[in-house]
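I opened my notebook to look a few things up in this structure.

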Amino acid sequence: MTEPLPVNSEIWQETLQWQPSTAQQALFDSLYQGVLDGNRQVNLTRITEPAEFWEKHLWDSLSGLAPWYEPEKPEWLPTVKRVIDIGTGGGFPGVPVAISRPQWQVTLLDSTRKKIAFLETLCQQLGLTNTDCLVERAETVGKDPKHRAQYDLAMVRAVGPASTCAEYALPLLKKSGFAIIFRGQWTDEEEELFMGALDTLGGELVAVCSWETPLTQGNRHCLYIKKVAKTEKEFPRHVGIPAKHPL
Ligand code: SAM
């Protein structure tokens with residue numbers, strides 16, 4: 001048996017204005033146990049201590065959905081139905097998002113077969129009916145009509161430079177859909193370079209929100225990008241190019 005995750009209803013509520021039900025908390029506990037078990041066969045995460053897992057995987061995954069952007073009158077989030085987590089790895093942010101928003105259909109995408117095989121089993125064990133697991137490269141999925149321009153929300157955490165993440169995400173979004181790109185630090189210089197890439201891809205940076213994690217006060221940023229124009233057919237570029245030569 002593993003140590004239980006800290007159950008911090010007040011911190012959830014105070015920091016994210018959301019808190020898990022008892023059933024969702026039980027799913028987070030099972031997710032934690034499942035990731036620890038899976039870590040023995042597949043390299044999923046180095047974050048395994050209960051408090052650290054809670055903060056850096058669960059809380060962090062859901063922090064991007066807190067009402068930082070649109071605090072007064074949320075108009076975009078309530079319309080979300082189809083979500084894709086690009087480069088989900090051990091299931092972050094996609095699995096906590098699927099648990100916290102059961103009304104959303106969440107595609108978990110990763111190019112590593114072993115990770116997706118693990119997530120398929122995990123989602124089955126958790127009884128999640130709102131996830132699809134897909135082993136593929138984001139560049140390939142972005143050209144597939146079954147996925148291109150089909151999503152309301154794309155989330156990307158720890159998958160590379162922001163413009164690489166945007167090149168993976170924007171082609172998958174419907175017009176007016178949103179991408180949330182998770183960053184640790186974010187500088188004005190990065191933002192200046194990023195604006196050019198977004199322009200090329202049909203995106204607009206509508207907000208950059210920053211906050212601290214609740215237990216260890218780590219810096220976090222999320223970039224909220226709206227798709228304002230169709231992404232040209234040439235994007236995403238061939239497999240490997242967005243990472244090797246970011247826009
Ligand atoms: N998003 C997870 C997180 O925040 O814990 C995992 C981050 S891990 C550092 C990056 C993941 O992205 C890896 O699992 C890798 O296989 C996947 N990845 C990298 N490039 C990709 C691509 N072009 N298409 C699909 N998955 C990709």
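My entries follow, one topic at a time.

**Ground rules.** I am working with a predicted model, where local features need pLDDT of at least 70, side-chain atom pairs count only at pLDDT 80 or more, and totals for chains, interfaces and linings use all residues. Residues are numbered from 1 along each chain as its sequence is written, and side-chain values use heavy atoms, with hydrogens and water left out.

Which residues come nearest to the ligand? Of the 16 around it, I noted Gly 87, Phe 92, Asp 110, Ala 138 and Arg 157; being near takes a heavy atom within 4 Å.

Next I checked polar contacts, which are pairs of N or O atoms within 3.5 Å; within protein, one must be able to donate a hydrogen and the other to accept it, and residues adjacent in sequence count only if both atoms are side-chain atoms. A backbone N or O atom of Gly 87 is 2.7 Å from a ligand nitrogen. A polar backbone atom of Phe 92 also lies 2.7 Å from a nitrogen atom of the ligand. For Tyr 168, an N or O atom in the side chain is 3.3 Å from a ligand nitrogen. The ligand taken alone exposes 600 Å², and the protein buries 79% of that (Shrake-Rupley method, 1.4 Å probe).

**Arg 157.** I found Arg 157 in strand 4, residues 151-157. Strands here are DSSP runs of E with at least two residues, helices are runs of H or I with at least four, and both are numbered from the N terminus. Arg 157 is buried, at 15% relative accessible area; buried means under 20%, exposed over 50%, and partly exposed in between, using a 1.4 Å probe and protein chains only. Its side chain has a polar contact of 2.7 Å with that of Asp 60. Beyond four places in sequence, Arg 157 has contacts (heavy atoms within 4.5 Å) that include Gly 87, Phe 92 and Pro 93.

**Helix 7.** Is helix 7 enclosed or open? I counted 8 of its 8 residues (162-169) as buried, so the rest of the structure largely encloses helix 7. Tyr 168 is one of those buried residues.

**Thr 88.** I placed Thr 88 in the loop between strand 1 (82-86) and helix 4 (94-100). Thr 88 is buried at 2%. Among the residues it touches are Gly 94, Asp 110 and Leu 119.

**Glu 3.** This one lies in the segment before helix 1 (9-16) and is exposed, at 53%. Glu 3 touches Tyr 32 and Pro 50, leaving out residues up to four places away in sequence.

Most residues other than glycine have a negative phi, and most peptide bonds are trans. I noted a cis bond from Phe 92 to Pro 93, omega near 5 degrees. Another cis bond runs from Phe 235 to Pro 236, omega near 0 degrees. Ala 149 has a positive phi of about 55 degrees and is partly exposed at 36%. Gln 217 also has a positive phi of about 55 degrees, and lies in the loop between strand 6 (203-212) and strand 7.
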